Every structure is written in structure tokens, then in C-alpha cells.
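Colleague: I would like to learn how to read contacts, cores and ring pairs in a model. Please take me through one case.

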Amino acid sequence: MRKFPFNIYLFIGLTSIFPLIDFFNGLFLTSGAEAPIGVVYRFFFFLFLVIMIVLHPSSPSFLTFATFLFIIGNLLIWLFQGIFLQNPLSWMTLDISVFVKYFLWVLIPYYIYQRKDIFQIIGFDKLFLWISILFTLELLIPYLLGVGTHTYTASDAGYKGFFYAQNDVSYAFIILITLTGAQLLKEIRKKSKWMLPLLALYIGNIFCLLLIGTKTGVVYGAAVTIYILIRLISGRYSRSLLQQISIWLASLFAIFLLAYRGIQYAIDMVSGTVERMTYFYHLYNGNLVRLLSSSRSDFFEGGANAFLNDPHLNFTLLFGQGFEYRLENFGRLGLIEMDFFDAFFGLGIIGVLLLVLVLGYYVWVALRKENRSIYSFVLIVSLLYGFFAGHVLFSAVSSTFLGLICGAVLLQKNNYTNDSD
């Protein structure tokens, strides 16, 4: 068995345990205990990445330039905001904690890029499957034990176990069900012994999305499942007429079993979500934009007005207002929960340009014909989710996921020698 440098094993260990860290972090937060294990873990992970990147200098490339410009540029924005807006030290400290999470999705793939030869051998498929197993167990076990929390205390909708943020967990399972489903199709095509375990994991992912109960998660999970069923019964994964007939009969039996035993249970699981949507539909007087955006359209309108009426607009238009500044001055309107608008209001035009520079590079690599893979798809899904629902770029859980996805995209790149293209 080939041996790798110790920092590689440490990186894999740190990324493998982050679902456990967030589970216990949420457990302590919901119980009212003061144990910031999530903050300590992220700060250690951040320092590890910075030190390892500095100790492993790379040859000049566009990615190197864009990554360092992103980090240094955002730190200068933070410093200028503190000086010009006269932010107290406590606000600047809280903003730094946001930047640590924000930088993770940039540092993780660059660390992988520096060691691409090693990670191309290791691969990421098993790592994502391990993360999928952990997240699924951490949501299902508390549910089966009758413990955990709901986002909406007045109903059973929005179960999140001991995880703290519902939207973060929803995004996690949207990514995981996509990758698990893709791996399941691969194993079915190979007729391997891992088909049944992966099918069980996939069913667990679906179950978790129903428990979480977000509109996006439920619709996305249903769409992925329909796609997989179509692929299975289309004949692409069977080599003979007998195999095709067997798949059709198994699919019909599964549908019948679901209709007979599972449909009422599924209805019970999502009924809370339906009731919540109906409640908000009437509360918003039938305004579908407010309903589908979960009031983000209202937050955007109010947040934009607060931004444009700021007395320091000439400065904030370029460098943003910062994150704690907005929360302290504008309250709930200081967080839109749409990542690209939050980036604009918090970091200004310059911050958005830095963001587009790095994200644009990863999208360009992902969409090149020779590099396209399932990771290209989940990268686009991540950006769409971040644009409409937020909780990707600035969330600890989601930022880690996005960083791993960007790293996996880089590993698909062919002829990856000097990145001069």
C-alpha cells in the first residue's frame, strides 16, 4: 500500500469528521451548553490549510494568482471597513469568523491543487460516500429515538436532528443524494456487490430530505429519483431482454409496495411542510414570489434600501458594509440569505469581482468538455442553491462541501501540468 505524507492523512481525517463536528456542535448549541467545538475545529482547519499551502509553494498559474488575490483582497476590504466605518473591535472579530468560513471553499481546492498527483490516486468518491453515511446516520438515529429539534416548533415540519441550521443540512443532502445516486448507477452498471448498500444509503438520503422538509430539497430529491428510475428502466443498465424485463418488474413491484405501505407514511412526513406552505401562502395573500423565496424578496428589498441609504454609500458601494455592521444597524434585513447579494452588500463591488474571478475559473474548468463529470453538475447546483437559497458561501458546513466539490472538479482536469491555459 502506497504511503503518503502525513498532512494528506490529516486533511482526509479533518474532512472526514466534519459531519461529526457539526452534529456535536449543534447538540451543544440546542442544549444551551457553551462548547464552541465548531469554531475551534474550523479555525484549526483554516490554520492547517494556510500553513500547508505556504509550505508547499506552487509554480505561477492563474489559479494561484486568483486564490491569493481573493484572500488578500478580502482581508484588505475587512481592514478598510474597520478603518473607514470605525467598526469596533468586537464587530471586526465577528467578521473575521465569517471570513474564516468564507475562505474555506477557496483554500480547500487550492490545497488539493498543490497535491493533485496524490489526490488523483486517492480520489474523492469514497470520501463523499463516507460523509453521506455520517450525515444520514446523524439525522436518522435521533429521529428514530424520538429526539432532536424542528425548525418550526408549532409543527413537525423541518426536522433537523441536532444540526443547527436547516438550510445547511438541506444543501448537504442535495449534494449527497446526487453523488450517492451517481455512484449507485455506476455500481449497478458493474453489477457489483455494493449495489444494495448504496441503494440503502440512497433511500436514507431520500428519507432525510423528506424529514428536513424544505421545498427545494423535497422537489430536488424527487427529481433525482425519477431520473434514476428512468435510467434504470431505459435498458442502459441491462445487457439482455431478460435483464430489462427483470428491472421493469422490480420497479413495478417497488412502486406497488410504496403505494401499499409507504405512501401514507410519506404523506405524514411532508404534511407539516404542506401545512406550513399553506399558512405562508395565506399570510402573503397569495404572493407566490414571497412564498417561493421564503420572504427573501422582502429581505432583499429592505436590505437594498438600507444599503443605498447608508451615509457612507460612496465607500460601501466599492468595499461593502461588512457583515456585523449590517446586522447591528439593519437587524434582520442585514442578512438576505441569497449568497451573491449578501456578498455584494457585505463586500461591495470589489468583493463580488474577487468572488466571480475565482468561481468563474472553477466553472470554466468544470464545463470544459474534457473535464465534465458529476462534480461539474453539483458545482452548478451549489451555485444555483447559493444564489436563490443562500447558506453556501458563508456557511461552515456548506463552504466545506463547496471546497471539496471545487477540489474534485480540479482533479478531473486533463493535462493538468502548469495551469497556464
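**Contacts, cores and rings**

Modeller: Start with Phe 11: leaving aside residues up to four places away in sequence, Phe 11 touches Phe 45, Phe 48, Leu 49, Ile 108, Tyr 111, Ile 112, Phe 119 and Leu 404. Contact here means heavy atoms within 4.5 Å. This is a predicted model, where local features need pLDDT of at least 70 and side-chain atom pairs count only at pLDDT 80 or more, while totals for chains, interfaces and linings use all residues. Residues are numbered from 1 along each chain as its sequence is written, and side-chain values use heavy atoms, with hydrogens and water left out.

Colleague: Which residues touch the most other members of the largest nonpolar core?

Modeller: A nonpolar core is a set of buried Ala, Val, Leu, Ile, Met, Phe, Trp, Tyr and Cys residues joined through side-chain atoms within 4.5 Å. Buried means under 20% relative accessible area, exposed means over 50%, and partly exposed lies in between (1.4 Å probe, protein chains only). The largest core has 108 residues, and Phe 11, Tyr 102, Trp 105, Tyr 111, Phe 135, Leu 379 and Phe 401 touch the most other members. Helix α5 (residues 89–114) gives the most to this core, with 16 residues. Helices (H or I, at least four residues) and strands (E, at least two) are DSSP runs, numbered from the N terminus. A second, separate core has five residues, including Phe 307 and Met 338.

Colleague: How many aromatic pairs does a search of the whole structure find?

Modeller: Rings of Phe, Tyr and Trp (its six-membered ring) pair if their centres lie within 6.5 Å; planes under 30 degrees apart count as stacked, over 60 as edge-to-face and the rest as tilted. The search finds 50 such pairs. Phe 11 and Phe 45 have ring centres 6.1 Å apart and planes at 50°, so this pair is tilted. Because Phe 11 lies in helix α1 (residues 6–16) and Phe 45 in helix α3 (residues 37–54), the pair ties together parts that are 34 residues apart in sequence. Both Phe 11 and Phe 45 are buried.

Colleague: Which helices hold Phe 62 and Tyr 361?

Modeller: Phe 62 is in helix α4 and Tyr 361 in helix α16 (residues 339–367), 299 residues apart. Their rings form a tilted pair, 5.6 Å centre to centre with 35° between the planes. Phe 62 counts as partly exposed at 36% relative accessibility, whereas Tyr 361 is buried at 6%. Ring pairs also link residues into a cluster, among them Phe 18, Phe 135, Tyr 385 and Phe 401.

Colleague: Is Ala 366 buried or exposed?

Modeller: Ala 366, in helix α16, is buried, with a relative accessible area of 0%. Not counting residues up to four places away in sequence, Ala 366 touches Asn 371, Arg 372, Ser 376, Leu 379 and Val 409. Ala 366 and Leu 410 are 44 residues apart in sequence and 7.7 Å apart in space, C-alpha to C-alpha.

Colleague: What are the figures for the chain as a whole?

Modeller: The protein chain has 18 helices and two strands. Of its 421 residues, 50% are buried. Among contacts with a separation of 6 or more, 75% join residues 24 or more positions apart.
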